[in-house]
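Subject: Structure for your review

Dear colleague,

Please find below the structure that I am handing over to you. My notes on what was found in it follow directly after.

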Amino acid sequence: MTREIGHGRMTVRSVDYVIVGAGSAGCTLAARLTEDPNVRVLLLEAGGWDRDPLIHLPLGWGRILQQRRHDWGYETEPDPSTGNRRMECMRGKVLGGSSSVNAMAYVRGHRSDYDRWARNGAPGWSYGDVLPYFRRQESWEEGASAYRGGDGPLATRRSRYADPLIGAYVEAAAQAGIPYNEDYNGAEQYGVARMQMTIRNGRRASASSAYLRPVRSRSNLTLEVGALVRRVVIEGDRAVGVEYVRNGTVDTVRAEREVILCGGAIASPQLLMLSGIGAPDELFAHGIEVRAARPAVGRNLQDHVAALLNYGRRTPGPVHRAMRIDRLALALGQGILLGTGFATDLPGGLTAFLKTDPALAVPDTQMLFIAGPLGAAPYWPWQAGFADSFSCRIVLLRPESRGTITLRSADPAAHPVIRQPLLATERDWATMRRAVALFRDIARRPALAPFTTGEIGPLATAGDADLERVVRATAVTAHHPSGTCRMGAAEDDTAVVDPALRVIGLQGLRVVDASVFPDLVGGNINAAVIMMAERAADLIRGRVVSVQRERAGAESAVAVA
C-alpha cells in the first residue's frame with residue numbers, strides 16, 4: 001500500500017492521494033479513486049467507527065441529534081440576528097460524517113442553482129453538467145429515468161411513514177392551491193411531496209455504508225480513524241502531504257499526487273488557515289507562516305435557517321402510540337434485526353417547496369412536516385404519555401445572510417470561531433415572515449381541522465408586532481453550512497478554489513465538500529455534496545470527457561421538460 005521514504009532518521013509514508021475527512025465527499029472519493037488498482041489512497045477520519053446501532057436505525061436520528069452523538073460539538077458565536085444566542089452547529093465526527101447523523105433527506109436542489117453557479121464563475125457545474133453525476137450516485141426505488149439513477153451506490157426511496165395526517169396535509173395544500181409533486185428531484189421542484197430519503201432495507205444509507213463499506217477490502221485503500229490532521233505540508237507552491245495526530249502520536253504522510261480536503265464548511269477552511277492559506281493578517285495574528293494569501297478562506301459562510309410552528313393534535317397519533325416503552329422496545333428490535341417496522345422511517349415523511357411570492361421563478365422556502373412532537377419521551381403503559389402534537393419546520397432557501405469561520409488559536413484541536421448571522425438582512429426576514437403566513441394559511445384549511453386543536457408554542461402567542469422577536473429567539477440552523485472555500489474563477493479574489501476544485505495559488509491541493517459551494521442550493525445539501533465528489537473523482541482522473549454523452553442526454557431531458 002505505501003512505500004517508505006527516508007529523511008535522515010525520519011521515515012515518511014507515501015501514497016498517491018491523501019483524503020482528509022471520511023464524510024459524504026471523502027467516502028465517495030475513496031471509493032471512486034481506488035477503482036484504479038494502481039492508485040494508493042489514504043483516508044483519514046478524525047472521528048470513530050460508525051458501529052452505533054442508532055446511526056443505522058432511522059428512528060435513532062432523534063436521539064443522535066438530542067444527545068449530539070458523533071458530533072464535533074461546534075457552536076456559533078452569539079448574534080443579534082438570532083436573539084444573541086449561541087446555536088448548536090452539529091457536524092458529523094464519525095465515518096460517513098454528517099451523512100451518518102443527518103435526517104436522511106434526499107434533495108438535489110433546483111436546476112437553476114447549478115446554472116447560476118456556472119454563470120457566476122464556475123463553468124462545468126451547470127445542471128446539464130451535474131445531472132449525470134446525480135444519476136450515477138443513486139439507486140432510485142423506481143429505477144433509472146432521464147432524471148433518476150437506477151444502479152448507483154446510494155439507495156433512495158420515498159418515505160413510507162403511515163399516518164392519516166399525511167393525507168390531510170396534502171389535501172390542505174391542495175385547498176390552498178398547492179399541487180402534489182410526484183418527484184421534486186425530477187422535472188419540477190415546486191409543490192408538496194413525499195420526502196425522499198437515503199434508506200436501504202430499513203437502514204440508513206450513509207456515504208460510509210453506500211460507498212466505503214463495499215470497498216474497504218481493497219488493498220490500495222487504507223483507512224485510519226481517530227486521526228486529527230494538524231496541517232497540510234507545503235513545499236514551495238505545492239502541497240506534498242499532511243501531518244496528523246493519532247493515538248497521541250504525530251505522523252506525516254506524503255501525497256505523491258494530491259491532498260484532498262473533505263472536512264466540510266467548518267473544518268476545511270480551519271485546516272487551510274492552520275496550514276498558512278488564508279488572509280495574511282489573520283494568520284500573522286496566530287503566528288502562522290503565510291504559504292498562500294487567499295483572503296476569502298473562511299468567508300461567505302451561509303446556512304438555511306429554520307423556524308418551527310407547532311400544533312396540538314386532537315387525538316394521539318402513531319408516534320404517541322409507538323413511543324410506549326414496550327412497543328418502542330419491540331420496534332427497535334424489529335428494526336435492528338429485520339429492517340422493518342416503525343423504527344425504519346422518520347415520523348413525518350412530507351415536504352414542500354413553495355413560493356412566498358407568486359412572481360418568483362423558483363421556490364424560496366422549504367417546509368418539513370413533522371407528525372409528532374420533537375423530543376417525544378418514551379412512557380410506561382400505565383402512564384398517559386406526552387401531549388401529542390405535530391409541527392412544520394419552515395426553511396428559508398438561498399439566504400442573503402453571510403458569516404465567517406476564523407481561527408480561535410493555532411491549536412488544531414481548538415474549535416474555530418463560527419460567526420453565523422441568520423435572518424440578518426431585511427430580505428431574509430421578509431421572506432421568513434411570508435413563509436410563516438403561508439404555512440398558517442395551509443394549517444387553517446378544512447382538511448386539517450379534524451386533526452388539530454390549533455397552533456401552540458412560542459409563535460402561537462406572538463402577535464404581529466412581536467413575531468419577529470420570537471422567530472429570531474427560536475429559529476435554528478437547518479445544518480447546511482456551506483460556502484467558506486468558495487469556488488470561482490482563478491482571478492477572482494473572493495474565490496478559494498477554481499472550477500476544478502483546486503486551491504488557487506497552490507498545486508496538489510483540492511477541496512471537495514460543501515465549503516466550495518458558491519452559494520446555497522434550494523434544499524438539503526447531502527445529495528449535492530456526493531454529486532460534487534462524484535464529479536471531482538472524474539476531474540482528478542481526467543475522465544470528465546467520458547460523461548459528455550450523458551450530459552447531452554441530460555440536456556435533452558431538460559429541454560423536453
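Asn247 sits in the loop that connects β12 (238-246) to β13 (249-261). Please bear in mind throughout that this is a predicted model. The phi angle of Asn247 is near 55°, a positive value in a residue that is not glycine. As background, most residues other than glycine have a negative phi. Asn247 has a relative accessible area of 69% and is therefore exposed. A second residue with a positive phi is His479, at about 65°, and it is not a glycine either. His479 belongs to the loop between β23 (476-477) and β24 (509-511).

**Helix α11 and its two faces**

Helix α11 spans residues 325-338. The helix has 14 residues and reaches 19 Å from its first C-alpha to its last, which is close to the 20 Å expected at 1.5 Å a residue. Which residues of α11 are buried? They are Leu328, Ala331 and Gly335. These residues cover an arc of only 65° around the axis, so they lie on the same side of α11. The face turned away from that buried side carries the exposed residues Leu330, Leu337 and Leu338.

Leu337 deserves a separate remark. Leu337 has a relative accessibility of 69%, and because exposed means over 50%, it counts as exposed. Together with Ile336 and Leu338, Leu337 forms a nonpolar patch on the surface, and the accessible area of the three together is about 350 Å².

**Helix α5**

Helix α5 (residues 127-137) presents another picture. Of its 11 residues, 9 are buried, so the helix is largely enclosed by the rest of the structure. The buried residues are Tyr127, Gly128, Asp129, Val130, Leu131, Pro132, Tyr133, Phe134 and Gln137.

**Salt bridges**

The count of salt bridges comes to 41.

Glu182 forms a salt bridge with Arg158, and their closest N and O atoms are 3.8 Å apart. This pair links distant parts of the chain, 24 residues apart: Glu182 is in the loop between α6 (164-175) and β6 (191-194), while Arg158 is in strand β5 (residues 154-158).

Arg324 is paired with Asp326 in a salt bridge whose closest N and O atoms are 2.8 Å apart. Asp326 counts as partly exposed, with a relative accessibility of 33%.

A salt bridge also joins Arg434 and Asp364, with the closest N and O atoms 3.9 Å apart. Arg434 lies in helix α12 (residues 426-443) and Asp364 in the loop between β17 (350-354) and β18 (365-370), so this pair ties together parts that are 70 residues apart in sequence. Arg434 is partly exposed, with a relative accessible area of 33%, and Asp364 counts as buried, with a relative accessibility of 10%.

Where is Ser14 found? Ser14 is part of strand β2 (residues 10-20). Its relative accessible area is 0%, and Ser14 is therefore buried. The side chains of Ser14 and Glu256 are joined by a polar contact of 2.7 Å.

**Leu368 in strand β18**

Leu368 lies in strand β18. Its relative accessible area is 19%; because buried means under 20%, Leu368 counts as buried. Leu368 and Gly248 are 120 residues apart in sequence, and their C-alpha atoms are 43 Å apart in space.

**Points to look at**

- the nonpolar surface patch of Ile336, Leu337 and Leu338;
- the positive phi values of Asn247 and His479;
- the salt bridge between Arg434 and Asp364;
- the polar contact between the side chains of Ser14 and Glu256.

Yours sincerely

Terms used. Residues are numbered from 1 along each chain as its sequence is written. This is a predicted model: local features need pLDDT of at least 70, side-chain atom pairs count only at pLDDT 80 or more; totals for chains, interfaces and linings use all residues. Side-chain values use heavy atoms; hydrogens and water are left out. Patches are made of residues with over 30% relative accessible area and no salt bridge: like charges are joined within 9 Å, nonpolar side chains (Val, Leu, Ile, Met, Phe, Trp, Tyr) within 5 Å. Accessible areas come from the Shrake-Rupley method with a 1.4 Å probe; for residues, only the protein chains shown count as cover. A salt bridge is a side-chain nitrogen of Lys or Arg within 4 Å of a carboxyl oxygen of Asp or Glu. Helices (H or I, at least four residues) and strands (E, at least two) are DSSP runs, numbered from the N terminus. Buried means under 20% relative accessible area, exposed over 50%, partly exposed in between (1.4 Å probe, protein chains only). A polar contact is a pair of N or O atoms within 3.5 Å; within protein, one must be able to donate a hydrogen and the other to accept it, and residues adjacent in sequence count only if both atoms are side-chain atoms. The expected span of a helix is 1.5 Å times one less than its number of residues. The arc is that of the directions from the helix axis to the C-beta atoms.
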